[in-house]
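Here's a quick briefing to read alongside the model. Grab your viewer and follow along.

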Amino acid sequence: MRYLRPKSIPELQEILMKENGNDYSILAGGTDLMPRYRTGLQLPEIAIDIKILPGYCGISEENGSIEIGALVTIEDIRKNHLIQKDLPCLSQACHEFAGTQIRNRATIGGNICNASPAGDLLPGLYLYSAELQLISAFGSRKLPIEDFILGPGKTALKPGEILVSIHLKNQFDNSRFYKLGLRQSMAISVINYAMGWSVVEKSISKLAIMAGSVAPTIVSLDGCCKSFLAMENDESIAENIAKDIFPIDDIRATAKYRQQVLKNLILHDLRKFPG
Amino acid sequence: MVKNLLSTKTYIGQPLKRVDARGKVTGETQFLTDISVDGMIYSAPVYSRIPFGSITSIDSSEAQQSPGFIKFISAKDIPGENQVGVITNDQPLFADKTVRYIGDSIGLIVADNPARAFDIAKLIRITYTELDPIFTIEKSQSVTTGFIHENNISCQHKVIRGNVEDAFANADKIVEAEFTTAEQEHYYLEPQACIVTPLESGGVKILGSLQCPFYVQKAVSKVLGIPFNKVIVEQAPTGGAFGGKEDVPSEICARVALAAIITKRPVKMVYGREDDIQLTSKRHPFKLKYKVGVTDDGIITAAEVRLEENSGAYSTLSSVVSYRSAVQAMGPYVVPNVNIQSISYYTNLPPNGAFRGFGSPQAAFGHERMMDIVAEKIGMDSYSFRKLNIIKPNDQTITGQRLTSSVGAMETLKKSYNASNWGNCPRPQNEGRIKTGYGIALTHYGNCLGAAGWFMDGSAVKITLHRDGSVTVSFGLVEMGQGALTVVTQMTAEAFGIAPSRIQINPTSTEYVADSGPAVASRNVIMTGQAIINATENLLPEIKLAASKFLDCPSQNIVIENDKVTDNAGNTHCSFGDLTDYMYRSNYRMETTGWWHVPELNFNPDDGNGEAYFSYSFATHLAKVKVDTLTGLVKVQKVWAAHDVGTAINPAGIEGQVEGGISQGIGWAVTENLKYNNGLVQSQNLSTYLLPTANDISDVEVIIIEEPEPQGPWGAKGIGEPAIIPTGAAIANAVSNAIGQQVNQLPISPEYVLDLINQSKEQ
């Protein structure tokens, strides 16, 4: 494997132009790429380490929108007061994300580009309508996260393009993240979800639930939320959850368990709401 | 036994700091991955990639072209016997015809660096005629052709006593249940590793991460066809073993020894984690079938038990695991009529073998789940029902062995129950999402090797006094993380009456001491302790004679205590160093050896009656769990663990053992879940094989109970394995108590718990 480490955006762009068409992978924290090396899975021929690129490791707020640089680590997001206050699902997800050593290396950009169905940041990013800033030698563009992540490990990144920042806006008065892993820490999610809601005059006026690890990409449980807002019974809410998700059997759990446990947890959450 | 050895206890019972702590905490201790030898080359295993079949060709031509290739070694290169079976001769060193599991050894690649060795090993092209593989006990039992060996039964044991049929006919109630338990991977932090150096003698010196140097010596001697005295096996600092380095290092060291002899160079091999988990042994999965007869007032009258074990591709230690599970199948309870059958079946999985508890945790899961199920059926609480049937001094075990002393079962039950305060808790409010439950489980663990291994149940020490008063001890068992060096230091200090700081323990080597049997079966404290007492007795008269001359007083007055030599009247004294200096100058003997073997056991293997083990350690674990009824997740909150250890040599060490055992038990019962797909391990590293983290283990309250064992050194018994045995069963009982459904399997996966909860909703 060839290892390249650009120090600036122009240098990176030059590398990306040169390696266009070659088998390369962007490396930031390396926490998804390096385990592949150990277990003998296919590795890219070239690793382009962007960890020291300047300008993409900050968190800032402008006009009610929060911008997170793609190189910000999970641990930095976890500790950030702005995120804790305005984007609680993200700080909760970072709190439950792997262990300290991995949180110190792994980046938000990497978690998005890895596009794992079980990625812990993803449900929150969907809930907060994340827009992703992508740049390449030919310009830049912005994509909503749901148009960026196409399937497990698959994104809309074009050759030569990289993710540099994430823009988020929380449209809910309340939100929370839930993760179910098979042990209390250092576990990949069996299911996870982010839930956002607003209350007007003691009743829920707005509700959205983004569920992970139950389909190839994060699923917005629209049917379930509509059903709840229309005050339908638990049975039809549960039916609507089942309609929206496509879980699979894997080493962590069966599809049947994922479906049941997501239903149990969401119904439990919804029962606590007024009305 | 010398009188003052029993009466004075200066260093015994003290929580002496681990003598090996510093190196292990600072990282100064050199494990095998850190160790190099001049001229060293490296090897990697070549193994079967199919679960069952016969080899049709082996082609090493591509491997031979690879840069760094030195040698490919296979069955045809073996000068001695192609056999490494530890009890049964069913396991070749290198398969030449049949392969029986994914990981079955075919050869060894030797190369100039470790990464290359592993890469080149993958270039050996092997073709096979595949046979229909067998992975389950059910299939192993039912096939009529295509056996894995001559037939599919690896071994069997039984215990038959009294008249079960009559007892069932007269019982007020008969209760039946079936259980299953899963594999467990040892997950020692340091994988299997060794360095073998060829010697001028024509022999080899082996430095290995291992538990049983004398097993390795025997295996290597057989494979190389050279005498034992040309095979020197030294144990390197070993990063965990738990039974996983009992028999497995024999085959690994034998292969590398062969490579060293053939290449005439030192050869090193360290398994990667993924190879280690695929190639080496695990805890046996059991199927357990219980039928228990009981009177209406709660007296157990009969038990019929069938234990079935998945032994994997080779029998390795299955026979002794099966023996232990059979004789302990009804736990520490009095059951006058029994019919116990324990049978191991071959399958095309990695061989299952020794793992802390050695069949006992599985048996405990059976008998302790059964105690709760029977108690519920007759309307008794699980504590009272156990108290009624528990074994007391002068009662007989199921094998008809009368236990006369050091029977602390009742004490462990009462003390853990009282400490938990379960009896005074109101029935937990189990209406909400989280349900709380309590569960009790006991064990009576037979110390040392028992009747099945009596022929090798003796151990040696050699103790050298130096003229400056320092002392070197060589013992035949090993330190593998359990704290052996510290207790051996304490026991030597106590036996001589000298300060622990005077004592240095040699790395264990076949070079210094006689075959002491395996470092297994929680036997180090008893065996080495008794051998130390014996060694001291052999030299003490001479030391006292020297002291009487040196201090000018009668030798019967000499007392060595608290690191001082006195005349016991305060008239005169000297330091131990002054005495040894005098002894050296006066040509006194400065070295002693000691030996102790387990008392002869009267046991009949035909009906399983008699003395199964000479002594038993008793324990009760009482677990408190919380169950999330929405997800099925189980959190073990606390375990009250009462252990009858005879006499505590090092209470801090005992606490460590118990906390470690319970953590490992929580792993087996709750988080760990080894998964195979057609014989290939799926959960091959820590991201999918879920060892419990610090957040998953429970609070532990250790309660030490001392019922001295007359045959144990200073009254001590073993603790290493009792620490894990009741944990899984106690957790399963607690989860059953919380959700009101019987937990009949391990692991208690959230999916299984949720299924049980759904069943109770349907009822």
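**Where the two chains meet**

Across the interface of chain A and chain B, the rule finds ten residue pairs in polar contact, both at pLDDT 80 or more; a polar contact is a pair of N or O atoms within 3.5 Å, where within protein one must be able to donate a hydrogen and the other to accept it, and residues adjacent in sequence count only if both atoms are side-chain atoms. Bear in mind that this is a predicted model: local features need pLDDT of at least 70, side-chain atom pairs count only at pLDDT 80 or more, and totals for chains, interfaces and linings use all residues. Residues are numbered from 1 along each chain as its sequence is written, chains are lettered from A and ligands numbered from 1 in the order in which they are written, and side-chain values use heavy atoms, with hydrogens and water left out.

**The interface, chain A side**

- On the chain A side that touches chain B, the elements giving two or more residues are α2 (33–39), β11 (174–180) and α12 (255–271) of chain A; helices (H or I, at least four residues) and strands (E, at least two) are DSSP runs, numbered from the N terminus.
- The largest share of that side, seven residues, comes from α12(A).
- By type, the residues on that side split into nine nonpolar, eight polar and four charged; Ala, Val, Leu, Ile, Met, Phe, Trp, Tyr, Cys and Pro count as nonpolar, Asp, Glu, Lys and Arg as charged, and the others, Gly among them, as polar.

**The interface, overall**

- The contact (heavy atoms within 4.5 Å) takes 21 residues from chain A and 28 residues from chain B.
- Together the chains bury about 2100 Å², 54% of it on carbon and sulfur atoms; buried area is the accessible area (1.4 Å probe) that two parts lose on being put together, summed over both.
- R183(A), Q184(A) and I251(A) supply 31% of the area that chain A buries against chain B, more than any other three residues.
- The rule finds one salt bridge across the interface, meaning a side-chain nitrogen of Lys or Arg within 4 Å of a carboxyl oxygen of Asp or Glu.
- D755(B) and K256(A) form a salt bridge, with their closest N and O atoms 3.3 Å apart.

- You'll find R255(B) in helix α8 (residues 248–263) of chain B.
- At 3% relative accessibility, R255(B) counts as buried; buried means under 20% relative accessible area, exposed over 50%, partly exposed in between (1.4 Å probe, protein chains only).
- Its side chain has a polar atom 2.9 Å from the backbone oxygen of L93(B), and a polar contact of 2.9 Å joins the side chains of R255(B) and E251(B).
- Not counting residues up to four places away in sequence, R255(B) touches P92(B), L93(B), F94(B), S105(B), L108(B) and Y271(B).

**Helix α11(B)**

- 16 of the 18 residues of α11(B) are buried, so this helix is largely enclosed by the rest of the structure.
- After α11(B) comes G379(B), with a positive phi near 75 degrees.

- Most residues other than glycine have a negative phi, and most peptide bonds are trans.
- N63(A) isn't a glycine, yet has a positive phi of about 50 degrees; at 70% relative accessibility, N63(A) counts as exposed.
- C448(B) also has a positive phi, near 65 degrees, but counts as buried at 0% relative accessibility.
- A cis peptide bond joins L746(B) and P747(B), with omega about 0 degrees.
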